[in-house]
Amino acid sequence: MSNSRGDNIHHESAFLHVTGRALYVDDLPEPPDILWAMVLPSPHARARILSRDATAALERPGVHAVLFAGDVPGANLAGPIFPDEPLLATDQVHCVGQAVAVVYAESPEFCRKALGLVRVEYEPLPAVVDLGMGIRLDHFIGEPHRIRRGEPGAVLESAPHRLKGVFRSPAQDHFYMETQAALALPGENRSVLVYSSTQHPSGAQKVVADNLGWSRNRVEVVVPRMGGAFGGKESQGAHWASIAALGAGLFRRPTKCVLDRDQDMIQTGKRHAFLTEWEVGFNDLGKLLVFKARVYADGGWSTDLSLSILDRALFHLDNAYFLPVVDFLGRVVRTNTPSSTALRGFGGPQGMLVVEQVMERVADHLSLDPMDVRRANLYGLPPTDLTPYGQAVSDFRLPRMLQGLEHSAQLADRRRQVERFNAQHQHLKRGIALSPVKFGISFTSAMLNQAGAALAIYGDGTVQLNHGGTEMGQGLHTKMLQVCARALGIGIHRIRPMPTSTSKVPNTSPTAASSGSDLNGQAVRSAARLLLERLRPVAAAMMDRDPDSVRFVADGHRPGAAVSRPTDGGAVWACGKEGRSLSFAQVCGEATLRRVHLAASGYYRTPGIAYDRQRGVGTPFHYFAFGVAVSQVEISAFTGEWKLQRVDILHDVGDSLSPALDLGQVEGGFVQGLGWLTSEELIRDEGGRLLTHSPSTYKIPAISDVPVDFRVSFLDRAHQARVIYGSKAVGEPPLMLAISAYLALCRAVAAFGKRQFADLELPATPESILRAVQLARE
């Protein structure tokens with residue numbers, strides 16, 4: 001562990017979580033006269049709407065109103081970027097689950113009964129519910145994205161070895177604990193307050209204002225906290241906020257919209273399924289000479305965030321490897337399924353999977369050690385430090401990390417043990433694999449790389465902390481408390497984190513792209529520094545010293561000067577004169593008497609982010625995060641069941657702001673990635689209806705799926721320049737460490753035959769493994 005890492009403190013809401021006192025949207029007190037809102041979903045994957053009739057529903061007691069597309073007073077649009085997604089269906093429906101109408105009633109039960117009485121006549125139309133069909137029919141969204149370097153055709157023709165294939169990665173549901181939820185309260189003078197479970201309060205504010213036909217200053221969106229999000233509430237949380245806000249705005253009554261689990265899974269978007277056609281040329285050492293890929297992402301029926309997700313997938317086709325000649329072409333495919341959206345990794349996992357299985361196949365083809373093939377391809381010194389899109393990979397830490405984890409995980413010895421075990425067992429086989437991660441940090445859209453914060457200090461020395469990031473269980477508020485305390489030189493107990501609100505910090509970016517701490521931390525520190533400069537002369541005058549000699553000291557921080565603590569146990573403001581000190585509260589109290597303004601806004605924008613999508617060249621990332629994992633598995637040829645026996649992870653978190661929180665992110669990210677790759681299977685019938693929409697049919701990892709032997713360590717001497725206190729993002733990168741488990745399963749399957757790597761369809765369920773074992777034995 002680095003000596004400059006932050007303190008290990010508990011999550012700021014930990015005690016509220018475990019005692020049931022943490023308030024989520026659905027826990028907020030319900031005002032009198034509340035209405036409930038529920039949408040009528042389309043039963044068809046694609047159909048023309050011929051007629052609508054809500055007469056019978058409106059005659060039912062307890063039903064207040066039914067809205068169709070024509071009843072939306074403003075723009076009937078809910079897309080986050082592109083205006084191709086109506087809030088309520090207009091003349092056609094484009095997927096099963098698309099919102100056609102909204103019922104507003106006195107209770108959820110009244111809503112459900114009324115939905116059955118709303119009459120909509122449809123004319124079914126041909127639908128595309130499969131990614132492959134969409135590719136064949138050229139059903140594309142947006143323009144293609146191409147990244148090209150060198151002359152791939154000529155290099156491929158002259159390559160000593162060539163391989164090609166098709167790789168598919170599956171969709172995944174977010175399965176957050178708290179489903180989509182919103183509570184809207186009408187205000188005076190055409191205004192509304194919306195409590196929303198959203199990662200993007202400003203995005204929800206925009207959609208609500210547009211749907212109501214109001215200006216944004218009449219809409220306040222507040223996020224108390226979320227019970228998980230994982231990207232599913234980045235753009236799509238706005239839909240439900242607006243459904244609730246329409247009730248409050250049109251009927252002047254509080255309105256609540258909360259989805260149950262089945263509704264949430266049927267009506268919301270998933271991680272994008274991908275299909276990649278790839279071809280590589282390489283030499284006798286396994287060094288890739290050329291890499292061609294045609295990448296197709298299943299975007300669902302509207303654009304949502306799919307183009308940006310496709311971009312990130314292309315950016316991560318290299319993962320940790322220098323590819324001298326490339327030709328990457330990406331397209332988003334339109335299908336008649338709910339709009340695919342952000343999910344932890346945002347396209348990065350889908351791209352990274354492709355190149356990692358290529359490394360394994362190259363090693364298998366040449367009968368080489370996969371680790372030797374990986375080392376032969378790693379990024380290096382200039383000119384082998386340039387990504388396919390032209391960004392230099394600086395401070396490349398993976399060689400050190402690979403060497404460190406190989407040693408600590410005893411990889412060589414355990415591989416020999418696995419080989420001996422496999423030779424002795426006919427129906428049980430083991431596999432062990434290592435995979436690295438290089439993940440770019442920043443929004444790839446430059447304008448999103450900004451954040452704001454607002455601090456208010458009171459006369460007793462306590463602080464209210466507002467910032468534009470949202471808390472979804474990941475611990476962002478806790479880290480911002482630590483940043484604020486460190487910047488001001490006070491104890492955390494003096495600071496209160498406030499619910500995220502568009503009235504406190506406007507025009508915020510979503511809490512996504514693993515950048516929540518990076519962006520908001522810089523903004524918080526910026527505001528704190530402004531306040532310190534206002535308080536410094538006050539403290540200096542109180543102690544009759546020069547302002548430049550004032551130091552800010554807090555227990556547990558590194559002040560650069562040691563002084564005794566004040567009697568209130570708070571922070572100390574000390575001057576160079578020995579023995580002189582003041583409490584933070586004393587200085588703040590004096591500042592109010594001297595009419596010093598103790599509120600400040602901070603702002604930060606990430607420098608140097610720019611990318612030219614037309615040319616496929618630029619710097620889309622501020623820096624890269626790194627990780628390495630080794631996974632060992634055992635599978636049964638009788639049932640296809642498997643066990644994850646041990647996992648070793650070495651992850652680069654820089655100088656962690658909060659090591660305990662980062663440990664939880666690494667462990668949780670790995671397990672979520674494990675679920676995506678092995679157990680979470682989304683099945684639709686030929687009509688596009690989701691069949692796996694509850695915990696009984698959709699299997700997220702259970703505690704029994706977590707390895708008993710789970711070893712996680714952080715890279716030492718890992719300070720990162722130009723970021724908040726030397727820390728690095730940790731939200732998304734660990735998910736891709738689970739690729740090592742998938743590769744280990746592929747090797748275990750191959751052990752039933754004569755190769756070292758075998759095809760294994762994703763997700764690698766027991767059924768998939770059993771089929772692969774049977775093929776390996778043929």
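A residue counts as buried when its relative accessible area is under 20%, and S442, with a relative accessible area of 4%, is therefore buried. The model described here is predicted. Its largest nonpolar core has 108 residues, and F291 and F670 are the residues with the most contacts inside that core. Helix α18 (residues 739-750) gives this core its largest share, 10 residues.

**Nonpolar cores**

- Leaving out residues up to four places away in sequence, F291 touches W278, E279, V280, L317, L323, V325, V326, D327, F328, V354, V355 and V358.
- In soluble globular proteins, nonpolar side chains tend to be buried together.

**Helices and their packing**

- Helix α7 (residues 237-251) has 15 residues and reaches 22 Å from its first C-alpha to its last, which is close to the 21 Å expected at 1.5 Å a residue.
- Because 14 of the 15 residues of α7 are buried, this helix is largely enclosed by the rest of the structure, and just after α7 the residue R252 takes a positive phi of about 55°.
- Helix α17 (residues 659-678) has 20 residues that should span 28 Å at 1.5 Å a residue, and this agrees with its end C-alpha atoms, which are 28 Å apart.
- In α17, 15 of the 20 residues are buried, so this helix too is largely enclosed by the rest of the structure.
- Helix α10 (residues 348-366) packs with α18 at an angle of about 35°, the two axes being 11 Å apart, and α10 passes α18 in a right-handed crossing.
- On the α10 side this contact is made by M352, L353, E356, Q357 and E360, and on the α18 side by I739, Y742, L743 and R747.
- The residues of the contact of α10 with α18 divide into five nonpolar, one polar and three charged.

**Buried residues in a loop and a strand**

- L305 lies in the loop between β14 (288-300) and α9 (306-315), and it counts as buried because its relative accessibility is 9%.
- Although L305 and T341 are 36 residues apart along the chain, their C-alpha atoms are separated by 5.8 Å.
- Not counting residues up to four places away in sequence, L305 touches P80, I81, E234, S235, T341, A342 and F346.
- N466 is found in strand β18 (residues 463-467), where its relative accessible area of 6% means that N466 is buried.
- With its neighbours within four places in sequence left aside, N466 is in contact with A453, A454, M498, P499, K504 and V505.

**Backbone features in loops**

- P382 and P383 are joined by a cis peptide bond with omega of about 5°, and P383 has its place in the loop between α11 (370-377) and α12 (398-408).
- L762 and P763 are likewise joined by a cis peptide bond, here with omega of about -5°, and P763 is found in the loop between α18 and α19 (766-777).
- S442, in the loop between β16 (428-441) and β17 (450-457), has a phi near 145°, a positive value in a residue other than glycine.
- S514, in the loop between β20 (500-501) and α15 (516-543), has a positive phi near 60° and is also a residue other than glycine; its relative accessible area is 14%, so S514 is buried.

Note on methods:
Residues numbered from 1 in each chain as written. Predicted model: local features only at pLDDT ≥ 70, side-chain atom pairs only at ≥ 80, totals over all residues. Heavy atoms only, no water. Core = buried A, V, L, I, M, F, W, Y, C linked by side-chain atoms within 4.5 Å. Buried < 20%, exposed > 50% of the residue type's maximum accessible area, 1.4 Å probe, protein only. Helix = DSSP H or I, 4+ residues; strand = E, 2+ residues; numbered from the N terminus. Contact = heavy atoms within 4.5 Å. Expected span 1.5 Å × (residues − 1). Axes fitted to C-alpha atoms, helices over the stretch in contact; angles between N-to-C directions. Left-handed = near helix turned anticlockwise from the far one by under 90°. Nonpolar A, V, L, I, M, F, W, Y, C, P; charged D, E, K, R; others polar.
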